[in-house]
Amino acid sequence: MNGSLSAPGADWSSVSTAAVLRSQLKRLLVGGAEIALERKAPALRDKLLDIDDFGLYLHIPFCRQICPYCPYNKELYHAEVAQRYARAVMREVDIYAAMVGAKPVTSLYIGGGTPTTMLYNGLPQILEHIHRSFNMQCDVHMESHPNDLSWENLNAILSLGVRHLSTGMEAVQDRHLRTLHRPYTAEQGRAAVLRAVDSGFRCVNADIIFALPQQTYAEVEEAGQALVAMGVDQVAAYPLFQFPYTRWDQVNGNGKGFSLLQKRNMLRILEGIFYDAGFERTSVWAFTRQGVPKYCSVTVPLYIGLGASGGSYLRDVFYLNTFNVGEYMQALEKGTLPIALSLQLSERMQMAGWLYWRVYETRFKRSDFLRRFGKAFDRVYGRYIRLLSWLGLLRDRGDEIVLTDSGAYWLHVLQDLFSIDYISKLWGTSKQDPWPARVVL
Ligand SMILES: C[S@@+](CC[C@H](N)C(=O)[O-])C[C@H]1O[C@@H](n2cnc3c(N)ncnc32)[C@H](O)[C@@H]1O
Ligand code: SF4
């Protein structure tokens, strides 16, 4: 491609290089202002009056085992805690429902942790309550664990109204499943995905992780082909991210993993397989069969997050619930929202956030930016778009701007460099301290 970039062969081995790049990028996007989340609840009633519709995210923070590489907020499942948690979530629903009234909910995404741990213990009650309390105008999307996908459970999932299901297959070779400490064999995982595919969901997504320790290109190719052969509608393929606060480094002490060039080659192998099979890129990580509605997480412009560690974004404020399940439940039992941290967003930050999520979805429209911010997109970002188009990272199609495969790859790099650092600070601190006074990103 004309002017396209190729990746350097080395990883961000120098911490200081990464730090300099991070601060430069921050300056570019938000003017170098300090990004600090504070222990201050926003005035929600006014903010909620100001929106037309919104998405919902529900976090289920329980798993039957804890995987050493996983950065998400979760703890081991206990039936009694889950029941109390369900009651707390319903109280949180009541508080928001009183503020939003009949405004339409345009997406509901249930993530975790492992939502299927509560399949028969609290989740049906929560969903019923959500449907009774909000003006639901959407399908339900939910994550699941392969070990929870018996025929009986799949029917129960469908009866909850879930139409888009994702499952954490992670790898198709036994040796990699063992390294990840996943509690099933490749054959059991495959059988679970096949049952999901045959169950009648609108979209079945399978997650896989690549750039696993000692993984070969041939194994990456085998993983991509196996998923296509299983008939999934979508694949989300993530390189293995190493979060400093997880147990991964202690378990796999050998550290660094693959270079950027090697990761890029792996991604290219997967892109080739999915495009040949008639999939298209629908987000930086995801490839969806053409014509299938994509399984999507929270990229809607405005959303409310329910549950411990649920994050909400309402135009000029981002806020986060406490990560601690006990504190979350106690706050709601006292009738208060469990908000731990909030960040007031300047217009420049809102625009940068909007752009990040739209680019993450691989395409966006200039006219949507104008509608959202009342400013011409090119007046704010025109010169960067021209540069990125010239470099082959974006394709400028008039109103629409589309990320190329090279662009998607460089967004991966950016994530490695930028969001992992932010997430580690924010989530790492929030896991240690239920009510942090301040977190500077
Ligand atoms: C909440 S889990 C999925 C549902 C369920 N808990 C499970 O593990 O099957 C979300 C997904 O994030 C991905 N993930 C978790 N930790 C990761 C890491 N360190 N690097 C890359 N992907 C990761 C995995 O693909 C995982 O399936
Ligand atoms: S990867 Fe899934 S099952 Fe494993 S700890 Fe994370 S959320 Fe739980």
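How do the residues of the shell around ligand 2 divide into nonpolar, polar and charged? The legends below start there.

**View 1. The shell around ligand 2.** In this predicted model, the shell splits into five nonpolar, four polar and two charged residues. Here Ala, Val, Leu, Ile, Met, Phe, Trp, Tyr, Cys and Pro count as nonpolar, Asp, Glu, Lys and Arg as charged, and the others, Gly among them, as polar. Around the ligand sit Cys63, Gln65, Ile66, Cys67, Tyr69, Cys70, Lys74, Gly113, Thr114, His145 and Arg182 (a residue counts if one of its heavy atoms lies within 4 Å).

**View 2. Asparagine 147 in its loop.** Look for asparagine 147 in the loop that links strand E7 (140-144) to helix H5 (151-159); helices (H or I, at least four residues) and strands (E, at least two) are DSSP runs, numbered from the N terminus. Its relative accessibility is 42%, so asparagine 147 counts as partly exposed (buried is under 20% relative accessible area, exposed over 50%, partly exposed in between, with a 1.4 Å probe and protein chains only). Setting aside neighbours within four places in sequence, asparagine 147 touches Pro183 and Tyr184, contact meaning heavy atoms within 4.5 Å. Tyrosine 184 is 37 residues away from asparagine 147 in sequence, yet the C-alpha to C-alpha distance is 7.1 Å.

**View 3. Helices H3 and H4 side by side.** H3 (residues 79-100) packs on H4 (residues 123-133) at about 10°, with the axes 10 Å apart. Axes are lines fitted to C-alpha atoms, for helices over the stretch in contact, and angles run from 0 to 180 degrees between N-to-C directions. That makes the pair roughly parallel, the term for angles under 35 degrees, with over 145 being roughly antiparallel. From H3, Ala86, Val89, Met90, Val93, Asp94 and Ala97 meet Gln125, Ile126, His129, Ile130 and Ser133 of H4. By class, this contact has seven nonpolar residues, three polar and one charged.

**View 4. Helices H12 and H13.** The axes of H12 (residues 347-360) and H13 (residues 366-373) come within 12 Å and cross at roughly 150°, so H12 is roughly antiparallel to H13. On one side of the contact are Glu347, Gln350, Met351 and Trp354 of H12; on the other, Asp368, Phe369, Arg372 and Phe373 of H13. Four of these residues are nonpolar, one is polar and three are charged.

**Notes for the views.** Residues are numbered from 1 along each chain as its sequence is written, while chains are lettered from A and ligands numbered from 1 in the order in which they are written. Local features need pLDDT of at least 70, side-chain atom pairs count only at pLDDT 80 or more, totals for chains, interfaces and linings use all residues, and side-chain values use heavy atoms, leaving out hydrogens and water.

Definitions and conventions. Angles under 35 degrees count as roughly parallel, over 145 as roughly antiparallel, 65 to 115 as roughly perpendicular and the rest as oblique.
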